[in-house]
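Reader: Please go through the strand pairing and helix packing of this model with me, one point at a time.

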Amino acid sequence: MMRAVVFDVGETLIRDDRGWAMWADWLNVPRHTLSALVGAVVAQGRDNAEALRLIRPDIDIAAERAAMEAAGVGEELSEVDLYPDVRPALAALREKGLRVVIAGNQTAHVGQLLRELDLPVDEIATSGEWGVAKPDPRFFARVLDLAVTPPDQTVYVGDHPANDIRPAKAAGLRVAHLRRGPWGHLWSGTGEAAGADWQIDSLHDLVRFAAG
C-alpha cells in the first residue's frame with residue numbers, strides 16, 4: 001500500500017539549467033564548459049559540486065553563494081523551472097488521498113521559493129533547513145517524520161542512486177527511480193539503480209501505481 005510520496009527536488013521536480021547557468025556566468029566560464037564538467041563528475045559518481053572545484057579548486061561554495069545573493073544574482077525559482085508533469089501529478093496524488101511531501105538537498109532559500117510556488121503538497125523541507133543532507137540516514141529519518149507513515153508505505157522519488165535509491169531503501173522506504181536529468185538517464189538500467197522498486201519516466205506513472 002502506498003500512503004505517502006516524498007519527492008526529491010533537483011531534476012525530479014525542477015530543472016537545474018538555471019542554477020548551473022548562474023554558476024557558469026558567475027565564474028566567468030562558458031555555460032557549456034560547466035555543463036560538460038558536471039556531466040564528467042556525475043559519470044564518475046562524484047558530487048556535482050566537484051565541477052565547480054575543477055574550475056576554481058579553492059572555491060568556498062557557501063561564501064560564493066552568499067556573494068552571489070549580495071550581488072542580486074542568487075537562487076531563483078519560478079513556474080518555468082518545473083517539469084510539466086509536476087503540478088498535475090502532485091495534485092492527482094493528493095486527490096487519491098496520499099500525503100505528498102517534498103524533501104531534497106537544497107538550501108533554505110530554495111525551500112522558501114518552493115513554498116511560494118504554492119504546489120499541491122502537504123509539506124516542504126530542504127537539507128539547508130534541517131542541517132542534514134542526503135545520503136545521511138538522519139535525513140531520511142526526518143523524511144519519515146514528515147511523511148507520518150510507516151517506511152514500507154512511503155515512497156521516495158528521485159533520480160540519483162547514491163543520494164536517493166540506496167539510502168532511502170536502507171531506511172526501509174520504497175523507492176521510484178526517475179529517468180530524468182543527467183543522473184536519472186546515466187544510471188537507468190544499471191546495477192546502481194536496480195534497488196529501486198520502480199523505474200519511471202514520468203511522475204504520472206506514480207498516479208497509476210497509486211491506483212493499482
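**Strands and helices**

Author: This is a predicted model, in which local features need pLDDT of at least 70 and side-chain atom pairs count only at pLDDT 80 or more, while totals for chains, interfaces and linings use all residues. Residues are numbered from 1 along each chain as its sequence is written, and side-chain values use heavy atoms, with hydrogens and water left out.

Reader: How many bridges join β2 to strand β3?

Author: Helices (H or I, at least four residues) and strands (E, at least two) are DSSP runs, numbered from the N terminus. Two strands pair if DSSP finds at least two bridges between them. Strand β3 covers residues 123-126 and runs parallel to β2, and the number of bridges joining them is 4.

Reader: Which residue of β3 stands opposite Ile102?

Author: Ile102 has its counterpart in β3, and that residue is Ile124.

Reader: What is the hand of the β-α-β crossover from β2 to β3?

Author: The hand is judged with the strands pointing away from the viewer: a path from the first strand over the helix to the second that runs clockwise is right-handed. Between β2 and β3 the chain passes through helix α6 (residues 108-116), and this crossover is right-handed.

Reader: Which residue in β2 is the bridge partner of Ala4?

Author: Strand β1 (residues 4-7) runs parallel to β2, with 4 bridges joining them. The partner of Ala4 in β2 is Arg99.

Reader: How many of the 6 residues of strand β2 are buried?

Author: Buried means under 20% relative accessible area, exposed over 50%, and partly exposed in between (1.4 Å probe, protein chains only). Strand β2 (residues 99-104) is largely enclosed by the rest of the structure, because the buried count among its 6 residues is 5.

Reader: At what angle do the axes of α1 and helix α4 cross?

Author: Axes are lines fitted to C-alpha atoms, for helices over the stretch in contact, and angles run from 0 to 180 degrees between N-to-C directions. The axes of α1 and α4 (residues 61-70) come within 12 Å, and they cross at roughly 90°.

Reader: Which residues of α4 make the contact with α1?

Author: Contact means heavy atoms within 4.5 Å. Met22, Trp23 and Trp26 contribute from α1, and from α4 the residues are Ile61, Glu64, Arg65, Ala67 and Met68.

Reader: Is Ala63 buried, partly exposed or exposed?

Author: Ala63 is found in helix α4. Its relative accessibility is 40%, so Ala63 counts as partly exposed.
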